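Please examine the model shown below before reading on. The account after it leads through the chain from its overall form to individual residues.

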Amino acid sequence: MKITPLDIRQKRFDTAIRGFSRREVEAYLELLAGEFEEVVKENISLKEELRRAQLRIEQYQERERTLQETMVTAQRISEDLKSAAKKEAEIIIADAEHQAEKIVHGAHQKLVQVVEDINELKRQRTQFESQVRSVVEAHRKLLETFSAPSFADRDYARVEDNVAYLSQKKATHGE
């Protein structure tokens, strides 16, 4: 059973012959009721303050849980982003390496083609030089053939010598 300040104020005692002074008892009960009323008010105030404090603590605990969840989520997102960035970097590097291989392969193919073209041009040059030498040699032989005295030229000189000799003889005999 709870005692309230009103219970203290309304409490009545039986009177006896040699009992306490009624006025003193009532004054004391009134003082006690006032003090008890203050204690009850303070108790109610403290309970309300405690309730508000507990409510704030619960709010803070909820905020703390939310912050912890947010931090865990942020950390997980950060790790996911790092992982995604790493994968993307690996893809970019692989693609760049593939492109580099294609470029190097293409350059090598072009080099092989250029070397083949150079060798073909050298072969054609050698063939051309050989043909020019053959033509020059054929013309040189032709020139030698034309510049060498022919049979007709040698006979013509001998015929002239004979004609000159006979002319001289006739001139010496016929005189």
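This is a predicted model: local features need pLDDT of at least 70, side-chain atom pairs count only at pLDDT 80 or more; totals for chains, interfaces and linings use all residues.

Residues are numbered from 1 along each chain as its sequence is written, and side-chain values use heavy atoms, with hydrogens and water left out.

Along the principal axes, the C-alpha atoms of the chain fill a box of roughly 230 × 25 × 15 Å. The radius of gyration of the chain is 70 Å, whereas a compact globule of 175 residues would have a value near 16 Å; the radius is taken over C-alpha atoms, and the globule rule is 2.2 Å times the number of residues to the power 0.38. Buried residues account for 3% of the 175 residues, where buried means under 20% relative accessible area, exposed over 50% and partly exposed in between, with a 1.4 Å probe and protein chains only. The chain exposes about 16500 Å², of which carbon and sulfur atoms supply 59%; this area comes from the Shrake-Rupley method with a 1.4 Å probe.

The chain has three helices and zero strands. Helices (H or I, at least four residues) and strands (E, at least two) are DSSP runs, numbered from the N terminus. UniProt, in an unreviewed entry, places the feature "coiled-coil region" at residues 36-77 and 111-138; such annotations may be inferred rather than shown by experiment. Residues 36-77 are 100% helix, with end C-alpha atoms 59 Å apart. Residues 111-138 are likewise 100% helix, and their end C-alpha atoms lie 40 Å apart.

The largest pocket holds about 260 Å³ of space. Its lining includes Lys11, Phe13, Arg22 and Leu29. A pocket is an open set of points on a 1 Å grid over the protein atoms alone, where a 1.4 Å probe fits, with protein on both sides within 12 Å along at least five of seven lines; lining residues have an atom within 4 Å of a point. The volume is the space filled by probe spheres set on the points, which are joined across faces, edges and corners.

Thr4 lies in the segment before helix H1 (5-10) and is partly exposed, with a relative accessible area of 34%. The C-alpha atoms of Thr4 and Leu29 are separated by 12 Å. Ile92 belongs to helix H2 (residues 22-147) and counts as exposed because its relative accessibility is 52%.
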